[in-house]
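Here are my notes for you to read alongside the model. Please keep the sequence open as you go through the points.

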Amino acid sequence: MAQAARTTADRTEDRAAGRPDDGVLASFEAAKGFMPVDEGFALYAAASEAARTGLPLLEVGTYCGRSTILLAAAAREAGTVAVTVDHHRGSEEQQPGWEYHDAGLVDPEVGLMDTLPTFRRTLHAAGLENHVVALVGRSPQAAALWNRPVGLVFIDGGHTDEHATADYEGWAPHVAEGGLLVVHDVFPDPADGGQAPYRIYRRALNSGAFTEVSATRSLRVLRRTGTGI
């Protein structure tokens, strides 16, 4: 009983501090993906805050579900749902011959990337399948069908200007007043990484619709404070 009480207290403390509990953190660290732990903590804190609105949390760019775990855990705590959008064929830098290609994620039958099976196993292992709706398809097509506000949009899809701009234009307008827009891989210095996420981050700030809340390495959290996207 003492151990159970301690565990409950620890989880309460974790939630209050905006940190995932040990089980969620272990699942996050075990999953394939590229987000470091400190950025994961920042994403989880943002998701936990946004989830308290009762609105869905939406992610663009599922890959194998590493960050989806954090959104789903926050959604579970608040009684809402995480929605994640991806075609699961890999972004441009994950194709054969590129730096982030993982040959183990190629479907041998069709010869193309397919991260969907790994994503499903990731959610199952984390015990979070019931808290996620996975939309399998292109982000602009999914955004065109979406017709309700969300508490958080996390943009972590393709890093070309075409894809990042489409993700921003398609999903940022759905962020509710007071909700959060989170952009990953924001590198002000071109020597550190591609500039497309940085450009949509700057566009969001320059629009007057968003105000920056926090920056953790390449993760930027912005709050919807106005119109004019």
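1. First, a term. A residue is called buried when its relative accessible area is under 20%, exposed when that area is over 50%, and partly exposed in between (1.4 Å probe, protein chains only). Helices (H or I, at least four residues) and strands (E, at least two) are DSSP runs, numbered from the N terminus.

2. A word on the source: this is a predicted model, in which local features need pLDDT of at least 70, side-chain atom pairs count only at pLDDT 80 or more, and totals for chains, interfaces and linings use all residues. Residues are numbered from 1 along each chain as its sequence is written, and side-chain values use heavy atoms, with hydrogens and water left out.

3. Let's begin with helix H5, residues 116-126, where Thr-118, Phe-119, Thr-122, Leu-123 and Ala-126 are buried. These residues sit on the same side of H5, because they cover an arc of only 135° around the axis; the arc is that of the directions from the helix axis to the C-beta atoms. Arg-120, Arg-121, His-124 and Ala-125, on the other side of H5, are exposed.

4. What covers the buried residues of H5? The cover includes helix H2 (22-30), helix H4 (66-78), strand E2 (82-86) and strand E5 (132-136). Contact here means heavy atoms within 4.5 Å. Just after H5, look for Gly-127, which takes a positive phi of about 70°.

5. Now turn to H2, whose buried residues are Val-24, Leu-25, Ser-27 and Phe-28. Seen down the axis of H2, they fall within an arc of 160°, so they line one face of the helix. They pack against helix H3 (37-51), H4 and H5. On the other side of H2, Asp-22 and Ala-30 are exposed.

6. Strand E6, residues 150-155, is mostly covered, with 6 of its 6 residues buried. Two strands count as paired if DSSP finds at least two bridges between them. Strand E1 (residues 57-60) runs parallel to E6 and is joined to E6 by 4 bridges; Val-60 has Ile-155 in E6 as its bridge partner.

7. E6 also pairs with strand E7 (residues 175-183), in the parallel sense, over 5 bridges. Val-153 has Leu-181 in E7 as its bridge partner. From E6 the chain crosses through helix H7 (residues 161-171) to E7, and this β-α-β crossover is right-handed: with the strands pointing away from the viewer, the path from the first strand over the helix to the second runs clockwise.
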